[in-house]
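User: Hi! Could you walk me through this structure while I have it open?

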Amino acid sequence: MGEYIVSARKYRPTTFDSVVGQLALTTTLKNAVKSGKLAHAYLFCGPRGVGKTTCARIFAKAINCLNPTDEGEACGHCESCQAFNEQRSFNIFELDAASNNSVEHIKTLMEQTRIPPQVGKYKVFIIDEVHMLSTAAFNAFLKTLEEPPAHVIFILATTEKHKILPTILSRCQIYDFERMTVQSTIDHLKYVAQKEGIMYEDAALAVIAEKADGGMRDALSIFDQAVSFCQGDITYQKVIEDLNVLDSENYFNIIDLAIENKVSDIMLLLNSIINKGFDGGLLISGLAKHVRNVLMAKDDATLPLLEVSQQQRERFRQQARKCETSFLYQALRLMNQCDINYRQSGNKRLLVELTLIEIAQITQPDDDASAGRSPMRLKTLFKQLIQQARQQQAAPQVAAPKPVASLAAAPKPAAPRAPIASGRPTLKKTIAFSWNNLLNKEDSGEKPQVTETAVSKEEQSFNDQDLQFQWLSMCNRMPQKYVGIATRMKNMTPHITTFPAVELQVENELVKEQIDQIFGSILNTLKLHLHHSGITLQVTVLKHDGPVRILSRREKYELMEKENPSVAKLREIFDLELA
């Protein structure tokens, strides 16, 4: 049994025509060889594993060939080509800049440029990963690169062109290598499999090509791994098992179920995926890519943007016919938000489940009460309660409100109403019940009472609880640049002195100065949301006889909970959180 050579080395191209996926670039290099119009420096840049170093070697071999073909290829038989093939050529030097990146290494290289070639026309220096050179090494290399000897050609290769000095870039002919397409990668893998006598399924090679992400070397390495696992018969199921890739069938199923609003089935499918060891974030990322492909498949103009096999492309086209464009847009937005929040989420699985539930309910009919997708459902419910209460009330009078016996009772016919002139008082609707009242009403089958009170829009009354709720809401809405003072304000408790005068006590003069800078905005916000134009706000500084520590809201709650254990029990029963 001969020595085993990995496919990436065994099937490494030796001619321009055998290079995969870089036709325009190799044609340009062949024409340069045929015409003899050669630059003194070339820069090959692009992602990993697309043929930069390979093309540099082929180009160096063709430049020094004593009998190049009419197409610009090396003959492969002359002394220069034989020396290159046997790795004994003194005209072609390769330097790995990752490990030889100092000034001394570059100076040694520059000294070698003075010696003319013994066989052939040029001395070719291939510097791989040139972006790894230090700044001092770049500067030492710059003068020779600007005015090299006539017999010297430099070929630089890099994956990170942006790290190279502009003065270097301006002295090179730059060739940008393209990523390998999925189809070209599949075709090359088929060629290698046929040469090796390996059985394969097209879907299996497509998975390998997608996993390689545009790198042919990566694709051949994965191919070798799959061959070892599959024992010469590469099947789709074995490949996804070996590479730990989530079957694309799951993505198609999730979207089909989401269109039909089958949340339960999606949850079961998600559970089976997670039980197989797949990460929820990986599922969301893959599903987002899948939905993007479905969106591209809706239009024949964008169909070529799908980097998948022809069979998969047809499946995407079929699913695209069943999906509304608005559904795809909203699903992408939801998954993008989930992807952003996934890393810092404390309950990652719940985040993924909520995202999939929202996607499954995008197409839910708005009149379906079971959807429960947004607070609009609650708004609709309260509107219905208020409307029923109105029907049960007598003709509206400014007198004291009358309680409603039951919201479930038949509505009383409303008395004829006289026309109301403009400027009539607006109605402030309140649902009047306490926790005990609510529990007692639920036990008896009754509903909480709804009362209506006629209050002038500019003179609605409010209490300390309303004031503190709007104060906290205002702090949460403040812009990012006020996050510091907003955090301090959350721990402050404004109170009513003489209605509608409000007093705010702060800890020191520094905080008062910060409050004064936005005093007008604070006052206007309170007037707007408490619906009272006569509100005044007085900011005073607490006077301390000694050092006094101001407790935060959470510390106040913890102290209250410690003094009264019933508070903690109430919080547990109703599953409450401190705002």
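User: Which residue in β5 is the bridge partner of C45?
Analyst: In β5, C45 has D176 as its bridge partner. Strands here are DSSP runs of E with at least two residues, helices are runs of H or I with at least four, and both are numbered from the N terminus. This is a predicted model, where local features need pLDDT of at least 70 and side-chain atom pairs count only at pLDDT 80 or more, while totals for chains, interfaces and linings use all residues. Residues are numbered from 1 along each chain as its sequence is written, and side-chain values use heavy atoms, with hydrogens and water left out.

User: How many bridges join β1 to β5?
Analyst: Four, and the two strands run parallel. Two strands pair if DSSP finds at least two bridges between them.

User: What order do the strands of that sheet have?
Analyst: The open sheet runs β2-β3-β4-β1-β5, with parallel pairing. Since β2 (92-96) and β5 (173-176) each have a single partner strand, they stand at the edges, so one side of each lacks a neighbour in the sheet.

User: Which strands does helix α6 lie across?
Analyst: Helix α6 (residues 135-146) lies across β1, β3 and β4.

User: Switching topic, what is the order in the sheet with β10?
Analyst: That open sheet of three strands goes β10-β11-β12, and its pairing is mixed. Two bridges join β10 to β11, and these run antiparallel. I496 stands opposite V502 in β11.

User: And how much of the protein is buried?
Analyst: Buried residues (under 20% relative accessible area, 1.4 Å probe, protein chains only) make up 38% of the 579 residues.

Notes
Buried < 20%, exposed > 50% of the residue type's maximum accessible area, 1.4 Å probe, protein only. Contact = heavy atoms within 4.5 Å. Axes fitted to C-alpha atoms, helices over the stretch in contact; angles between N-to-C directions.
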